[in-house]
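Work through the exercises below with the sequence and the 3D structure at hand. Each task is followed by a solution in steps.

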Amino acid sequence: MAKTVCIIGLGYVGLPLACLCAEKGLKVLGLDLNQGIVEKTNQGISHIKDPVLEEKLSRLKGKIAASTKPGAIREADTVIVCVPTPARGTKPDLGPLKKAVETISKFLKEGQLVVIESTVYPGITEDVVRPILENGSGLKAGREFFLGHCPERIDPGNEKFTIERIPRVLACLSKEGTKKAKQFYSSIIEAEIIQLSSVKSAEAVKVVENTFRDINIAFVNELAQSFDKMGIDLAEVVKGASTKPFGYMPFYPGPGVGGHCIAQDPYYLIARAESAGFEHRFLRLAREINNSMPAYVAGLAEKALQDIGIGPEKTVVSVLGLAYKPGIDDTRKSPSLEIIRLLKAKGFKVRAFDPFLPKQSDVASLDEAVKGCDCLVLATHHRAFLERLSPEFLKAAGVRVVIDSRNVLDKEGIRAKGIAYKGVGR
Ligand SMILES: NC(=O)c1ccc[n+]([C@@H]2O[C@H](COP(=O)([O-])OP(=O)(O)OC[C@H]3O[C@@H](n4cnc5c(N)ncnc54)[C@H](O)[C@@H]3O)[C@@H](O)[C@H]2O)c1
């Protein structure tokens with residue numbers, strides 16, 4: 001008989017995981033608080049705009065039984081928690097995780113494996129999740145049920161490293177639990193599954209990975225601002241430094257850091273270390289630098305327009321891209337939203353467009369967005385933009401200033417058309 005898995009939270013992490021489990025022949029139950037998500041999932045419609053996921057879910061229609069009712073938890077051999085772990089300002093908010101785990105505790109049965117995939121700081125599984133599950137169920141972790149952590153590393157929109165091709169690390173509170181968890185993940189993941197010796201280490205892996213990205217992006221974002229003053233093209237410098245075959249890994253400057261992970265996971269590590277008596281100054285500074293980038297980009301637009309004698313009054317700035325990264329429709333903590341807010345506060349008329357987010361766009365097409373705008377700010381480098389934003393296209397649309405916050409457009413070609421161009425550190 002096929003093993004049964006119950007996935008709690010059918011968002012950017014839980015829904016692709018549910019599809020993968022169904023593809024691998026598991027019986028899949030999905031639990032979400034959002035009735036709309038549940039209905040769509042049962043109809044084989046992805047609530048997330050992602051062509052690969054949309055196709056998969058439509059093909060798997062009927063193979064994922066989604067519900068808002070938690071009773072399904074009892075039927076599962078394995079329960080996987082994929083609920084949000086947000087930060088309120090700089091403080092971790094464990095509310096959604098605690099609520100999900102309280103629900104599980106009411107239906108937990110002997111022998112079940114519970115895995116937390118949500119990103120947490122070291123200690124949450126043991127110190128927060130374990131007591132809730134034990135108190136609610138009357139069962140003992142490690143003996144009567146199994147509990148562990150296997151951080152999700154999915155990169156939505158990444159066509160090369162899809163969920164099944166990304167190696168995973170995991171650990172449970174007991175050896176038997178770790179063995180069960182390894183068996184489960186080996187049955188769905190094609191890449192390597194690495195066992196760690198403690199749940200805390202597995203939890204730390206994820207926050208360290210994301211903090212690594214945050215501080216390296218902050219480094220190049222700071223370099224961009226200093227190189228702008230010195231007139232050095234950072235894009236060229238990064239390209240040059242990347243020719244060193246060891247000891248260097250390229251990171252690219254941009255409009256800031258968005259999404260549910262990198263923009264907030266460092267706060268989880270900072271908070272945990274603080275409670276243990278350590279102050280992460282470097283990590284806080286990285287967060288500060290990355291959080292300041294939307295203002296830097298909005299300032300570049302203002303300055304470039306000023307340089308050609310245009311003030312904010314009646315000036316149209318088109319912001320292309322609302323999602324925090326290309327190829328997806330996720331706007332959580334997107335720098336683009338902050339750039340728009342700041343430009344409006346400066347008095348500019350803003351026209352926003354994102355092909356992945358038609359309802360949140362001010363216009364229906366790229367042509368409409370660009371036509372007659374004074375300044376174009378490329379905030380998200382969706383493929384559809386890159387295919388069309390040639391110097392000729394921009395000239396024909398009458399654009400006078402281009403702010404390329406992703407350093408992906410043809411700088412020389414655009415300048416050759418008499419259009420002012422400014423990248424970030426470029
Ligand atoms: N988005 C990513 O790229 C990514 C990558 C790796 C890890 N993560 C981590 O995975 C976790 C989930 O992130 P996400 O982006 O999928 O979030 P999401 O907001 O897209 O999805 C979470 C889902 O959980 C549901 N939910 C919340 N509380 C619930 C409860 N008590 N019971 C049932 N359903 C509940 C919500 O309705 C929502 O549909 C987070 O900890 C995040 O940090 C995210």
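A residue is buried if 20 or more other C-beta atoms lie within 10 Å of its own, exposed if 12 or fewer, and partly exposed in between, with C-beta atoms placed from the backbone. Helices (H or I, at least four residues) and strands (E, at least two) are DSSP runs, numbered from the N terminus. This is a predicted model, in which local features need pLDDT of at least 70, side-chain atom pairs count only at pLDDT 80 or more, and totals for chains, interfaces and linings use all residues. Residues are numbered from 1 along each chain as its sequence is written.

**Exercise 1. Strand β1 and its partners**

Task: state how many residues of strand β1 (residues 4-8) are buried, and find the strands that pair with β1.

Solution. 
Step 1. Four of the five residues of β1 are buried, which leaves the strand mostly covered.
Step 2. Two strands pair if DSSP finds at least two bridges between them. β1 and strand β2 (residues 27-31) run parallel and are joined by five bridges. Thr4 faces Lys27 of β2, and Ile7 faces Gly30 of β2.
Step 3. Between β1 and β2 the chain passes through helix α1, and this β-α-β crossover is right-handed. The term applies if, with the strands pointing away from the viewer, the path from the first strand over the helix to the second runs clockwise.
Step 4. Strand β4 (residues 78-81) also pairs with β1, in the parallel sense and over four bridges. Here Ile8 stands opposite Val81.

**Exercise 2. Strand β2**

Task: explain why β2 counts as largely enclosed, and name the residue of β3 opposite Leu29.

Solution. 
Step 1. β2 is largely enclosed by the rest of the structure because four of its five residues are buried.
Step 2. β2 pairs with strand β3 (residues 64-67) in the parallel sense, over four bridges. In this pairing Leu29 stands opposite Ala65.

**Exercise 3. Strand β9**

Solution. 
Step 1. Five of the five residues of β9 (residues 168-172) are buried.
Step 2. His149 is opposite Ala171 of β9.
Step 3. Leu170 has Gln195 as its bridge partner in β10. The chain goes from β9 to β10 through helix α6 (residues 175-188), in a right-handed β-α-β crossover.

**Exercise 4. The largest nonpolar core**

Task: which residues touch the most other members of the largest nonpolar core, and which helix gives the most to the core?

Solution. 
Step 1. A nonpolar core is a set of buried Ala, Val, Leu, Ile, Met, Phe, Trp, Tyr and Cys residues joined through C-beta atoms within 7 Å. In soluble globular proteins, nonpolar side chains tend to be buried together.
Step 2. The largest core has 66 residues, and Ile7, Ile8 and Ala18 touch the most other members. Helix α1 (residues 14-23) gives the most to this core, with six residues.
Step 3. At least three residues of this core come from each of domain 1 (4-198) and domain 2 (209-214 + 231-285). Domain bounds come from an automatic or database domain assignment.
Step 4. Leu20 also lies in α1. Leu20 counts as partly exposed because it has 19 C-beta neighbours inside 10 Å.

**Exercise 5. Positive phi**

Solution. 
Step 1. Most residues other than glycine have a negative phi, and most peptide bonds are trans.
Step 2. Lys314, not a glycine, has a positive phi of about 60 degrees.
Step 3. Asn407, not a glycine, has a positive phi of about 50 degrees.
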